[in-house]
Each structure stands twice: as C-alpha cells, then as structure tokens.
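Hello,

Here is the structure I promised to pass on.

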Amino acid sequence: MQASLLGYYSHLALRSFRRNPGLTALMVLAIAFGVAVCIMTLTVYHAMSGNPIWWKNDRLYTVTMDSWDPNSGFTRGNAETHLPPPLMTYRDATTVLHAGLAERTVVMFESSGVISGTGGPPLRTDTRFTTGDFFPMFDVPFLYGSGWSRSADDPPQPVVVLSRSMNERLFAGANSVGRTLRWNDHEFRVVGVLDYWFPRPLFYDVTEGSFAPPEDLFIPFAWGRALDLRSAGNVDCWKAEPLDTSEQFFNSECVWLQTWVELPDRASRERMQAFLDNYWAEQRRGGRFGRPRDNRLTNVGQWLRDQQVVDNDNRVLVGLAFAFLLVCLINTVGLLLAKFLSAAAITGVRRALGASRRQVFMQHLTEVALIAGTGSALGLGLGALGLAAVHHMYAAAHLGRPGGYQELMHFDRTGVLWAIALAILATLAAGLYPAWRVGRLPPAVYLKSQ
Amino acid sequence: MSLSVRPILSALMRNRTGAVLVAMQVAIALAVLVNALYIVVQRIEKMQRPLGIDVDNIFVVQASGFTDRYDQTSSMREDIDYLRSLPGVVAASPSNGIPLSGSGSATTLTAHPGVHSTDGFNYYEVDEQGLDALGVRLVAGRNFRHGDIEPSRAKNDASSFVSNVILSRATALRLFGQDDPLGKAVYDDLGQSATVVGIVDPVIGAWVGDRHPDWVMFMSRLPSGRYGAVRYLVRTRPGARDAAMQQAESHLSRSNPDRVITFVRTLNYFRDLSYLGDRSMGIYLLTVTLLMVAVTCLGIFALATFNVTTRTRQIGTRRAVGARRADIVQYFLVENGLITTAGVVGGCALALATGYWLSIQYELPRLNLYFLVGGVLLLWGIGQLAALQPARRAATVPPSVATRNV
C-alpha cells in the first residue's frame, strides 16, 4: 500500500469516526480495558514466572534426595507434595559438599542475628550462612571487595559480605571492606559489599516467600555449626528421634539445608548423579532412605515449576484477562460490523467509482487499526495506572518490609511490548472479518437504494 | 397480540452474524461470572472463618537477645511483668508463634503411643495468661495454672514434651473423635505423653492457608527462643491498644541493652498480610467480571440499536398494517431474548467445563450449581434490560415511515 493511500485511508477513518463518535469511543474503550487487564496480569505473571538466572539453566542444579518417612511422602500444609523434600539433611548436604565433585557447591541456610558494634543501634537482620561458592555460582555482583575463598569456608574465617542496602545503613555506603561488625556479639570482618541484587523469584530458597529480597548478610556456612545455630527457615522432621543435643540435631533426619551444585557439562552431571545414587545405596544398606530411590538434580526452571512459585491464583487471573480481552474483541467485531454495514452506501459509491475490493478492505482495516492502536495506547496507560494502584495496595500492607510481592507490580518494558502485540492482535482479530465482509458487498445493491 | 417466535427466528437466521457474536459474549461472560463469583465467595468464607481470637485488641512484641550476658528467663519475666502492668492491658503471655502470621511451629500428635501419623498440629507455647492474651474461649476443662507452666526448653533438651496441654476442638475431634478428650493423654512422636486439661473453640493457628488451620494445641511451657527471638502476645481493653504499644516500645527498647526489640506490631498487621493475596484476588476478580458484564451489555445494546436503525422501514410497515407499539417492543425483546438464551445455554456448558477444568487443574472445589442458576438469571435479566431502550425507541417509529422514501 502506498503511503499516500494510507494517509487517505486514515483521513477517511477520521471522517468515519466523526459520523459515530459514541460508537467509536465505545470500541476504543472496550479494547483499552481489555488490553489494560491483560497487561496487568501479564506483567505480574511475567515477573513471577521468570527465571532470574536463565543463562545458567544448563549448569545450576539443586540437589534433593528423598530421605523422608518410609511410610509417607513429604507434605506441606498437611498436603502431600509428591516430591522429595526441597531441603536436605545436614549429613547428606555436607556429603555432597565434601565430595567436591561439582565445579562449585553451595550448602546453606538462613538464620537471624543481631548486628552491633558499628556505632548505630543494634539491628536484627536475616543472615545467610553459605559456602563461599555462592557468589560466583549465582553471578552475584559486587560493589566493593569480593566473596570469600574456599579456604575461608573450613575452618570458617570470621568474614562477612553485606548487601548494598545494609552497607548503606551500617557504613553510610562507604567502602567498608576491612571494617568489622559484631553478629550476635561475635566479631566479623567485612570482605565484600554486594551491588544491587534482587533475583525474582528468589530461586535459591523458595521456602520463605519466593519474592522476598535476598538476605542482608552472608557468613561462611560452617559458622552455623560452630555457633550452634538453627535455621530460621523451614526445619522439617519426620523421624521419632531425640533432638536434644546439637550432635543429635546435626545427625538427624531433619531437612533444613539448601544444596546447589554447578555442573558444566553432561559428563559431570552424570558423575554427580552416579555419586548420589551410590551414596543412597550405601546409606540404604545402613538402614536409611526407606523410600524408593529419588535423587534429583533439578535445574532452576524446573525447580521453580516444581515448587509452584507461580501460584494458581495468578494463572487463573491470566486466563481471566484473556477471556475478558476476547469478550472485548468480539464486542468490537460486532460493533465494527454494524458500523461498516450501516455505511455500506458510501462504500458502494467508492466501489462504483473504481475502488477495488482490496482497497476497500485495506481502507477498513486502516480504520480498525486506528481504533485498536488508540485503544491499546489507552490500555497501556490504564494498565500502568492499575499496576501502580495494586503496588500501592501491597506497599501499604507490607509496612516497613521493603521488597517482596509488591515489587512484581512494576510496570516495565514488557508491558509496552505486550500492548503493541495486543494492538496488532486486536486489529487482526476484530478487523479482518468486518473489513472482508464489507469489501465483498456488491456495490449495486447499495447504489440502488439511493 | 400474537407472540410468534418463528418469524422472529427466521429473521434472525437471515442476518445472524451480529446475533452470534452477542451470544458468544454472553456465553463467555456467564462462564467467567459464575466461576469468578464462586472463587470470590470461597475467599470470603476463608477470610470470615471464626478466628476465636480478639484480633483487634492484640499486639505482638518480638525481642532478640544477642550477647552472652543476655539471660532469657529473667528478661522474659521482667518484660512480661512490665507489659502486664501497662494501663489497659488485659493479659500478656510469651509465645513461640504468632497467630495468623505464617510463623509458628508444628508437631505430630497421636492419641496412642507409637502410632504413625503425618498430621501436623500447630502449637503455641504459652503461660497461664496465654488463652486470655489471645481471647480464646475455653469450652471445656480448665485453663493452665501458674504452677503448670514449665521452664523453657534448654538447648540440650530440645525434644521434651510437657505435662499439660489444651487442645482446639478440631484437634480433639481429629485425635479422639466424639470421645471426651479431657483427662486423656496425647503422645508426641517419641511416645512422650501429656494430659489434655482443656478444650478451646474456635481458634486458629499461624498458617491460614493450611488445610487444617484450626489443628492447634497450647503447651504449658515458656517458649525456648531457639531462633534468637521471643514473642509476647499482649491483649488490651478496646481502645487501649495503641497507647500501650507506644509505651511498650519506648520502654522495652531501652530497658535491656543485651537485646533488641525487633518489632512491636498489631495482630491486625499479620492478619491483613496473610489474607492480602485472597483480598486482592477477590477485588481483581470482581472488577474484571463486572467490566466484562458491562461490555457484554453494551454489545447487546449496540446490536439492538443497530437492528432498530436498519429496520426502521420494516417497523413502520408493521405499524402501518396494525402492529401496536407493545408488539414492536415485544418483537425486539423476544429477538433479544432468543439471542441471550442461546448465549446462556452455550454459557452453561462453558461454565461447567471451566469449573471442571479449574477443579482438576488447581484443586478448587467443584462449581456449585446454584451459582450457575443465579448467573443465568442475572445475565438473562440484564440482557433484556440492555435491549429495553432500543426496543422502546423502535416503538416510537411512526407508521408513516413506511410510505416515505419509496
């Protein structure tokens, strides 16, 4: 189609809009609402269902082994999950760690402690106890310094890595590498400060809210045992066994540790799987692992699906949004058809004067595209407003807990892309049939009635 | 007047695209309306379940000791004594968990030693004011007495049980069925026993999303503060909560340099947070469903208007040959009724299919048929209302139109 024709068609469309301003406004609004609702749900869905470390999806695996009760599978909220427990026992996790088969191995848990000794008031904060491979394995960005080396893991050195926001809070954002702080009254030396890092979902530990921000403090894993700490996250136990002493707890069947390995290729993956299976068989002979063999290496994408990080509500809402858009589009088809047919006499004159079917079709499609484009642009605005409103609702409810679910309500590039895609979809879905239909009208019929 | 559907139907069939489109809208709108309302009603039921807890008048304090000098037992004693002395405070108790917050502990529990069970019961470790601090109602037996309260579990006795427990009625039903639970023994997984001294009802635990949020047990023991924090539940007289909170926060945060007050929050805060997802889901579903019904009504209205406009001459002709205004109105309403009925019939099938799919996919309960009936009546009714104005306008077409323009 020539540019001049396009201009002419747009001109015709505008004249047509002026003929029925109410009807036109109705169509634009219907598309706008449909697009707005879709953008809102899709933005949240996109943020929820994303894989925040997709570039390592063929290298990063979480290790799980079904060490649960021989009589019944792992449950959550009194409902069976049909999966191995998402966490590992101390015994099993440290076996994987000490085997050293993977390029990198992370064993970790979350705890809470009070920071003091930096001048400000004491501050209780979530702290991750992890092996030092955490930082290179998850591609964590650093603002100052770095993580700690493996030699600092065991025996554990008194080193700590801070999040950027914690560094701002404790040290006013200065390069704090080399300075010290007290964690539950034990002295630790800062070796690194993270840059802004907020993987969503929080794939490496989905047990405590998948959209929470990462912890503000990172300390070598072995301090957990040295200080006899317990996880502040989930600790799930099934076996009737005394857990009185620390020794009993660390040797128990309680699961509480996240375990991640980096395996760069198929061979290393198979080696790790074989190792797990051998270890499982050996332990089984010793009386453990009463359930069928289920030792898994799960990549991040599958892990997020298994752990149902995208909740069902969200899927229902995406379905609802598309049903709504469908109704809006059907509505628009009906209105357009009515509009085009009621103006058929004019079209008949154009046809009689020599406009081809194709040209009539393109002319009407241009009109639809203008309506859909305007509607989608308006929908984009409405969607952004809606997201801001929901964001506010969540932010108000989370009072003083930054991050979390409300952060998903951010309008971003994805929303714009969706709006453009939906505008094209709307034009084609709503416009093709009416434009085709009106192009096929025999001109004579309409000229006759004049 | 002659109500004959056949000519209306045949007129419809000759120009059916618009009618089919409207019927499709009605069908989808019905399917969505019915299922969305059903989900919303379930959420409202979940949010309105009796909690048995005086949520509006309770606040929660969390304290974390962090130095070697910190002595939890004496610190807890002092803090609780202080909280109880505050004006307007009805009761205060230490607790390991916070109701409705998602933070708590659970244990397995059986009515016979050595029986295997995977049932998880949410437990509160509280002192003799624990029940009062929550405002839960004792329906049988007795409350804990001061002498019942056992000291916190030490670090090297993490798995001991207590002597006395109070159960929720739901827990008692699960363990003992219809038998009287008072005086009976309950067993933990190590076979250690405790005696049931009281029953409360209703009550809710920490996890509102649990399949059985009311499987709750109270243990007569001070919490261990194992994760470095102890919580205090404080209940006040109506209206006294906020002042007591402020006083508590300013005093406790200075009274002991070996611990910090992590937060002082209302219980409402935790409840709202726990139900936030359900609430926003409900609001969202309702908004979108309403919009969808509105759009569908506009579609019906627009089709009827279009039909009236394009048939002005036919209407005039009918009027000229003797049709009354009421006949014209009736004609358009019957026509619209036919379209809506077709849509509603298709919508029923779609609604049932959607409901079935949701119940399979997301483990939602199956669609209640009353909702379907209600949805059908509602959509049919407002469908007719939407067509009423165009139909009335059609009736104003004068018979003389038939003779013009020929």
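A word on terms first: buried means under 20% relative accessible area, exposed means over 50%, and partly exposed is in between (1.4 Å probe, protein chains only). This is a predicted model, in which local features need pLDDT of at least 70, side-chain atom pairs count only at pLDDT 80 or more, and totals for chains, interfaces and linings use all residues. Residues are numbered from 1 along each chain as its sequence is written, chains are lettered from A and ligands numbered from 1 in the order in which they are written, and side-chain values use heavy atoms, with hydrogens and water left out.

A salt bridge here is a side-chain nitrogen of Lys or Arg within 4 Å of a carboxyl oxygen of Asp or Glu.

Start with K56(A). It is buried, at 7% relative accessibility. Its side chain forms a salt bridge with E262(A) (3.3 Å, N to O). E262(A) sits in strand 11 (residues 258-262) and K56(A) in the loop between helix 2 and strand 1, so this pair ties together parts 206 residues apart in sequence. (Helices, H or I with at least four residues, and strands, E with at least two, are DSSP runs numbered from the N terminus.) E262(A) is buried too, at 1%.

K56(A) also bridges to D139(A) (3.5 Å, N to O). Those two are 83 residues apart. D139(A) is partly exposed, at 36%.

The network of salt bridges links K56(A), R59(A), E103(A), R104(A), D139(A) and E262(A).

Another pair is R182(A) with E187(A) (3.7 Å, N to O). R182(A) is partly exposed at 29%, and E187(A) is partly exposed at 48%.

Best wishes
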